[in-house]
Amino acid sequence: MNKLSYKTLKDMNYEGYLLENAPEKVLQFGEGNFLRAFVDYFFDVANEKCGFNGKIVLCQPIEPGLADMINEQEGLYTLYLRGFENGAKVNDKRIISAVSRCINPYHNFAALLECAKNPDLRYIVSNTTEAGIVFDDSCRFDDAPASSFPAKLTRFLFERYTQMGSMKGKGFVILSCELIDNNGQELKKCVHQYISLWGLSDEFAKWVDEENLFCSTLVDRIVTGYPRSEAAELNAENGYEDNLLDTGEVFGFWVIEGPEWLEKELPFAQAGLPVLVARDHTPYKKRKVRILNGAHTSMVLAAYLAGQDIVRNCMQDEVIKGFMDTTVYDEIIPTLTLPKEELESFAHAVGERFNNPFIDHALLSISLNSTAKWKARCLPSLKAYIEKFGKLPANLTLSLAALIRFYSCDVQELTQEALMCRRPAGDVYPVKDDRAVLEFYNAHKDDSAEALAHAVLSNVDFWGEDLTEIDGFEKAVTEALEGIEKNGAYEMMKAACKAK
């Protein structure tokens, strides 16, 4: 079987869309599954739908990486986007041809700097993980390359300034996709720290500010990556060998914080893609965190105690799905500021995403670090609900009781990796969180429901505040915890749905 290439596709008389030659308009730091199933897909569709006519040159951010494999396939790879959309099962396949090549700066740093001389280059995209946007003062200007991504970017920007600093409009639109708050501004802050550390000129610093736009963005798509168990079957079906197969959910949404002119310049809206340029991305981040992530965190621990293991199966259980829906529609959405219709449309899409037949999303994997997740995802909704309606939200209250029960259910032992508990079905499961959290629950494993609820809610280290000060909350959590212990999480979710 021949490896995927332009020649292979021509020999097969492939009739799908391909863009073999075009100027490189995008430099992308990151060559992994997520960016290839998200950003590169969007640019590929823009090439087809509205004549963007641009290629993406990838830069491998760490060593080792995928550069050799990508170049062997001439940047081509097959992407599968799968799931439910508007009630219908979707399994879309597309060969992505937006990528031109991949540079390994650890083997050829000069090739990266050479890109700075390309007058067509306009956009810089990055996804170097949450730890990627950091200032490391050990990085030096003459490193080839520097270890940190912001240092590499600063060196690249300086090369561009050296080559074209006197020309207007030759700076970059920089689209940061790392999963941290205000990612674009945090990246810009790091760049200025390197300018200072390396003693670069005030003129260069001014050029960075005036000729470049650092955009904070919000990305939303579950990317499941290389389908190892299906790869041989898919390659046989396609008739070529593709070592870069990529898979993700059909849902995708990208919010880019930027000025009005950027919306007109970027090709995505014209191509009908789910990319929004907004003056402020934070309402959309709040929507994602409160609804999508909040639905996960408020539902999965109770569902696991009730005997479920996979998110999709939860969506096919009337009680658990009902509990999640009432939490989202009755307790979370009313606290958000975006239009109700828009919020409910997003929530409907969340339900379809959770029911994806192609993704086995384990509840235990979602349960990791649930203490911090509940604080970030559910506590703001609970407090906003109380402020708006003057009463406790019953389902969010129950979700915290379920968290406490999940962390304390028939504790077996504390190991180096986890607190081992036993759920009502009889199987032992690992609770994984910060060590201090696990030691706390192990120390309180013999507490009564009342004492445990008080200890948890009053733990300021967990929540950043004393939750017993919320009127009636300690009593309500205690009663919910006692109900789970006596009747089980499933019956408590059923009762919560009926109460609505």
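1. A salt bridge here is a side-chain nitrogen of Lys or Arg within 4 Å of a carboxyl oxygen of Asp or Glu. With that rule in hand, look at E186 and K189: they form a salt bridge, with their closest N and O atoms 3.3 Å apart. Residues are numbered from 1 along each chain as its sequence is written, and side-chain values use heavy atoms, with hydrogens and water left out. Please keep in mind that this is a predicted model: local features need pLDDT of at least 70, side-chain atom pairs count only at pLDDT 80 or more, and totals for chains, interfaces and linings use all residues.

2. Where do E186 and K189 lie? Both are in helix α7 (residues 183–197), three residues apart, which is about one turn of the helix. Helices (H or I, at least four residues) and strands (E, at least two) are DSSP runs, numbered from the N terminus. An α-helix has 3.6 residues a turn, so residues three or four places apart point the same way.

3. E186 is partly exposed at 29%, and K189 is partly exposed at 47%.

4. Now compare another pair, K7 and D11, whose side chains meet in a salt bridge of 2.8 Å, N to O. They sit four residues apart in helix α1 (residues 6–11), separated by about one helical turn. K7 is exposed, with a relative accessible area of 58%.

5. There are other salt bridges to find. K117 pairs with E114, the closest N and O atoms being 3.3 Å apart; K117 is partly exposed at 37%, and E114 is partly exposed at 45%. D44, E48 and R94 are linked in a network of salt bridges. By the rule in point 1, the count comes to 29 salt bridges.

6. Next, the pockets. The search uses a 1 Å grid over the protein atoms alone, and a pocket is an open set of points where a 1.4 Å probe fits, with protein on both sides within 12 Å along at least five of seven lines; lining residues have an atom within 4 Å of a point. Grid points are joined across faces, edges and corners, and a volume is the space filled by probe spheres set on the points.

7. The largest pocket holds about 1100 Å³ of space. Its lining has 34 residues, and E130, L179, K288, N293 and R377 lie nearest its centre. Helix α11 (282–305) is among the elements that give two or more residues to this lining, and α11 supplies the largest share, six residues.

8. Just after α11, G307 takes a positive phi of about 105 degrees.

9. The second largest pocket has a volume of about 620 Å³. Of its 27 lining residues, E85, V250, F251, G252 and P274 are the closest to its centre. Here α14 gives the most to the lining, with seven residues.

Definitions and conventions
Buried < 20%, exposed > 50% of the residue type's maximum accessible area, 1.4 Å probe, protein only.
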